[in-house]
Amino acid sequence: MRSTMIHPATELRHVNETIGYGTLNLQEDFVCACPSPKCRQIIRTDDMERHAAAWDAVVEPIFRSVQASPQPLWLFLREQEVVEQALANRTPYRSIHLNYRPRAGVTHP
Ligand SMILES: [Zn+2]
């Protein structure tokens, strides 16, 4: 349990700064021009391969706290039962890596 409360917007900004574009199954690497001091500078098509575990460590606690505050968009979520099962620990947390679609034939040194 946390000893310090962090505002949800702060947590979301942290997620965006630390994960951001790396989850978008990019077609090419690019140099990021965002002002975040936490920016990785070069966003690579295979960032998911290297960072998924660290990103899960950031996202899972936020996911687990979703029921602690009102979710006005809940009605629009198609996978409500899947989320409820995971929140109740009846199914495992699904890694962000499951969203990764690597480009065929692309490797980085
Ligand atoms: Zn950036």
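This is a predicted model: local features need pLDDT of at least 70, side-chain atom pairs count only at pLDDT 80 or more; totals for chains, interfaces and linings use all residues.
Visitor: How do you know that the span of helix α2 agrees with its number of residues?

Guide: Helix α2 takes in residues 47-64, which is 18 residues. At 1.5 Å a residue they should span 26 Å, and the end C-alpha atoms are 24 Å apart, so the two values agree.

Visitor: Which residues of α2 are buried?

Guide: D47, M48, A52 and W55.

Visitor: What makes a set of residues here the largest nonpolar core, and which ones are in it?

Guide: Its members have to be buried, nonpolar and joined through C-beta atoms within 7 Å. I19, M48, A52, W55 and I96 make up the largest such set, with 5 residues in all. Take I96: leaving out residues up to four places away in sequence, I96 touches A52 and W55, along with T23, D56 and V59.

Visitor: Why is G22 called buried?

Guide: The cut-off is 20 or more other C-beta atoms within 10 Å. G22 has 23 such neighbours, so G22 counts as buried. You'll find G22 in the loop between α1 and β1.

Visitor: What does G22 touch, once residues up to four places away in sequence are set aside?

Guide: I43, D47, M48 and H51. With D47, the C-alpha atoms are 5.5 Å apart, although 25 residues separate the pair along the chain.

Visitor: How many helices and strands does the chain have, and in what order do the elements run?

Guide: There are 3 helices and 2 strands, and from the N terminus the order is α-β-β-α-α. Of the 109 residues, 7% count as buried.

Visitor: Where in the chain is confidence lowest, and where is it highest?

Guide: Helix α1 (residues 8-18) has the lowest mean pLDDT, 62, while helix α3 (residues 80-87) has the highest, at 94. For the chain, the average is 82, and 79% of the residues score at least 70.

Definitions and conventions. Residues are numbered from 1 along each chain as its sequence is written. pLDDT is the predictor's confidence in each residue, from 0 to 100. Helices (H or I, at least four residues) and strands (E, at least two) are DSSP runs, numbered from the N terminus. A residue is buried if 20 or more other C-beta atoms lie within 10 Å of its own, exposed if 12 or fewer, and partly exposed in between; C-beta atoms are placed from the backbone. Two residues are in contact if their C-beta atoms, placed from the backbone, lie within 7 Å. The expected span of a helix is 1.5 Å times one less than its number of residues.
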